[in-house]
Amino acid sequence: MNSLSAEQKQEMVTSWAALALYDGDAEISADSIKTLLDATNNEVEGFYPIIFANFLTSEKLAELISTPGGAGGGGGGGGAGGEGGDAEEEKEEEKVEEEEMDLSGGMDMFGGDEGGGDY
């Protein structure tokens, strides 16, 4: 905690207070957060309990706790399927065949027929 700024510490203790109230099945309000912070000798700016109480409702906290992960990384590879043929079919579909252009004649750089030009 020593490496955190004062604002980060205030945000952290306010978050913990909201989580403690949720865990104790108590009402999450600005007053109850402030009371808990005072009881634990934590001083925060007056707006922190208000903001956190408005955002961290019991429903939102339950959702945050029960939802695994957060922002960031994409999904991992899916589990192996029962049939190996499906994966092979997908790989074949993903392959893109590139057509080779025949550059050996037909047109010059400017769109005209090769040879016989003024160039």
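# Notebook: helix packing in a predicted model

I started at I65, which sits in helix α4. This is a predicted model, where local features need pLDDT of at least 70, side-chain atom pairs count only at pLDDT 80 or more, and totals for chains, interfaces and linings use all residues. Residues are numbered from 1 along each chain as its sequence is written, and side-chain values use heavy atoms, with hydrogens and water left out.

**Entry 1: I65.** I checked its accessibility. I65 is exposed, at a relative accessible area of 53%. I use buried for under 20% relative accessible area, exposed for over 50%, and partly exposed in between, with a 1.4 Å probe and protein chains only. Then I looked up its contacts (heavy atoms within 4.5 Å). Leaving out residues up to four places away in sequence, I65 touches L19 and Y22. L19 and I65 are 46 residues apart in sequence, and their C-alpha atoms are 9.8 Å apart in space.

**Entry 2: the chain.** I stepped back to count elements. The chain has five helices and zero strands. Its pattern along the sequence is α-α-α-α-α. Helices (H or I, at least four residues) and strands (E, at least two) are DSSP runs, numbered from the N terminus. Of the 119 residues in the chain, 15% are buried. Among contacts with a separation of 6 or more, 44% join residues 24 or more positions apart.

**Entry 3: α1 against α4.** How do the axes of α1 and α4 cross? I found them crossing at roughly 95 degrees, and they come within 11 Å. Helix α4 covers residues 58-66. The axes are lines fitted to C-alpha atoms, for helices over the stretch in contact, and angles run from 0 to 180 degrees between N-to-C directions. The two helices are therefore roughly perpendicular. Angles of 65 to 115 degrees count as roughly perpendicular, under 35 as roughly parallel, over 145 as roughly antiparallel, and the rest as oblique.

I listed the residues that make this contact. From α1 they are A18, L19 and Y22; from α4 they are S58, L61, A62 and I65. By class I get six nonpolar, one polar and no charged. Here Ala, Val, Leu, Ile, Met, Phe, Trp, Tyr, Cys and Pro count as nonpolar, Asp, Glu, Lys and Arg as charged, and the others, Gly among them, as polar.

**Entry 4: α2.** Next I took helix α2, residues 30-39. Its buried residues are S32, I33 and L37. They span an arc of only 135 degrees around the axis, which puts them on the same side of α2. The arc is that of the directions from the helix axis to the C-beta atoms. On the face turned away from the buried side I found the exposed residues D31, T35 and A39. The cover over the buried residues of α2 includes α1 (6-23) and α3 (47-55).

**Entry 5: α3.** I repeated the search here. The buried residues of α3 are Y48, P49, F52 and A53. Down the axis of α3 they fall within an arc of 120 degrees, so they line one face of the helix. Their cover includes α1 and α2. I noted the helical rule: an α-helix has 3.6 residues a turn, so residues three or four places apart point the same way.

**Entry 6: the core.** The largest nonpolar core has 13 residues. Such a core is a set of buried Ala, Val, Leu, Ile, Met, Phe, Trp, Tyr and Cys residues joined through side-chain atoms within 4.5 Å. A18, I28, I33, L37, V44, F52 and L56 have the most contacts inside it. Each of α1, α2 and α3 supplies at least two residues of this core. The most come from α1, with four residues.

Beyond residues up to four places away in sequence, L56 touches A18, I28, L61 and L64.

**Entry 7: Q10.** Is Q10 buried or exposed? Q10 is buried, with a relative accessible area of 14%. Q10 belongs to helix α1. Its contacts, not counting residues up to four places away in sequence, are E43, V44, E45 and Y48.

**Entry 8: positive phi.** I looked at two loop residues. D25 lies in the loop between α1 and α2. D25 is not a glycine, yet its phi is positive, about 55 degrees. D25 is exposed, at a relative accessible area of 73%. N41 lies in the loop between α2 and α3. N41 is not a glycine either, and has a positive phi of about 55 degrees. N41 is exposed, at 70% relative accessible area.
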